[in-house]
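Subject: Structure for you to look at

Hi there,

Here is the structure I promised to pass on. Please open it alongside this email, and I will go through what turned up below.

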Amino acid sequence: MGERPRTPLRQRAFAVFYTGRLVSLLGSAMTPVALAFAVLGSSHSPTDLGVVLAAGIVPLLTFLLVGGAVGDRFPRNRVLRLSNLGAGAAQLVAATILLTGNYSLAAIAVTEFLGGVCTAFTTPVLRGIVPQIVPAESLRQANSLLATGRNITKVAGPAVAGVLVGTVGGGWAIAADGVSFVLAALLYQAITLPPAEHTVQDSVLHSVRTGWRQFWRIPWLWRVVTAFTVYNIVFTGGWLVLGPGIAQDTIGAAGWGVVLSVRAVGALLSGLVMYRLAPRRLLPAGLASAALTVLPLVALGLHAGFAVLAGSTFVAGFCAGVMSVAWDTTMQENIPGHVLSRMAAFDDFGSYAGIPVGELLAGPLGAAFGAPQVVLVGGIVIAVAALSPLRSPAVRALRHPPVRVP
């Protein structure tokens, strides 16, 4: 049977890392609500808000692959510390501008741009550092805990932001996000990593190129990333762009808000289940779960009632959470540590790049063919995309090592 693995939270380095992530995620979960109301309250211009949001996503896409190369070249705890300090400084400057009544579109856009750059260096390191601070047999549990914490902050963050915006203003919520980044950086300072087995000596740009070649040498990796680039394009357009309009005509805005909350509850529950559940075919199980996330799109396309939509959305949230844990764990178990941040960066790039494409295509397609029809067909496309990697023997051959859960 083997020795039971220690729960990840008993590993000091992971406990410190986990605490830092919770602090940072809670602050970041408040920012979308706080930033929207702060910018609109200062400028009274939706155009300004669009510019500010774009200023954050553009540098993320631009520097993400460089961030992956940096994460493989330098100690990941140091990269996390510096990128969080930078993001904290950017948010604190933005908060100061808003709180002092000196709103300027250019100034806020610059702070969001700098925050996006820092996020590009943070994101690839997050998956790369976990195998360095957690034993291999505890990776799934660690990822389940991280997913649970992330989903808790997604539920709590907007609610806290709403209270702050309604009482003291959005600027203070953004300031709280800045402080959360700084606190996280201080916690990451306390993480000690083992010596790296491989030292990357190439230049950063050369590391990006070699990482790209390595990416295409791992068949199961590029097949799944390609499939989920398609997935994100269709899902973003169908659920986030066309979904609210369809819901407005069927269950109303209040019902749509409840449905979104139900999805978050399903995702939260999945982290708790995946802490205990250890399927040997972890990635295939995750892909099958991802295919079930189409259920609420089908419900929207068929104009199903509130109960059906809410139930299918709960299932979709749960299944999306299963895929998230399965994917992170599979990457960490099967990709060498010295290239893991770069592979994570290519994965994230595919995900993020699909978002604006879906946002831009959804409206014209909905106007041309009808939103319900587009969403229904989109659900079919998503299911096919999620299941398509299972055609590859490389995907089907992956096995999650059996472990005993404490």
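To start with the packing: how close do the axes of helix H9 (residues 252-276) and H12 come, and at roughly what angle do they cross? Before the answer, please keep in mind that this is a predicted model. The two axes come within 7 Å, and the crossing is at roughly 35 degrees. As for its hand, H9 and H12 make a right-handed crossing. The residues of the contact between H9 and H12 are 18 nonpolar, 6 polar and 1 charged.

Next comes helix H1, which has two partners to look at. With helix H5 (residues 139-167), H1 packs at an angle of about 35 degrees, and the axes are 7 Å apart. H1 passes H5 in a right-handed crossing. In this contact of H1 with H5 there are 20 nonpolar residues, along with 4 polar and 3 charged.

The other partner is helix H6 (residues 170-188). Here the axis of H1 (residues 12-43) and that of H6 come within 8 Å and cross at roughly 160 degrees. Angles over 145 degrees count as roughly antiparallel, so H1 is roughly antiparallel to H6. The hand of this one is left: H1 passes H6 in a left-handed crossing. By class, 15 nonpolar, 9 polar and 2 charged residues make up the contact of H1 with H6.

Now for the record. UniProt, in an unreviewed entry, places the feature "transmembrane region" at residues 21-43, 49-70, 220-242, 254-275, 282-300 and 367-390. I looked at two of these spans in the model. Residues 220-242 are 100% helix and 0% strand, with the end C-alpha atoms 32 Å apart. For residues 282-300 the figures are 84% helix and 0% strand, and the end C-alpha atoms lie 30 Å apart.

Finally, the inside of the model. The count comes to 1 cavity of 30 Å³ or more, and the volume of the largest cavity is about 50 Å³. Its lining is formed by Arg280, Leu282, Leu283, Thr330, Glu333, Asn334, Leu398, Arg399 and His400. Helix H10 (282-291) and helix H12 (306-334) are the elements that give two or more residues to this lining. H12 gives the most, with 3 residues. Sorted by class, the lining of the largest cavity has 3 nonpolar, 3 polar and 3 charged residues.

Happy viewing, and best wishes

Definitions and conventions. Residues are numbered from 1 along each chain as its sequence is written. This is a predicted model: local features need pLDDT of at least 70, side-chain atom pairs count only at pLDDT 80 or more; totals for chains, interfaces and linings use all residues. Side-chain values use heavy atoms; hydrogens and water are left out. On a 1 Å grid over the protein atoms alone, a cavity is a set of points where a 1.4 Å probe fits but cannot get out, and a pocket is an open set with protein on both sides within 12 Å along at least five of seven lines; lining residues have an atom within 4 Å of a point. Grid points are joined across faces, edges and corners, and a volume is the space filled by probe spheres set on the points. Helices (H or I, at least four residues) and strands (E, at least two) are DSSP runs, numbered from the N terminus. Ala, Val, Leu, Ile, Met, Phe, Trp, Tyr, Cys and Pro count as nonpolar, Asp, Glu, Lys and Arg as charged, and the others, Gly among them, as polar. UniProt positions are given in the numbering used here, feature names are shortened, and annotations may be inferred rather than shown by experiment. Axes are lines fitted to C-alpha atoms, for helices over the stretch in contact, and angles run from 0 to 180 degrees between N-to-C directions. Angles under 35 degrees count as roughly parallel, over 145 as roughly antiparallel, 65 to 115 as roughly perpendicular and the rest as oblique. A crossing is left-handed if the near helix is turned anticlockwise from the far one by less than a right angle, and right-handed if clockwise.
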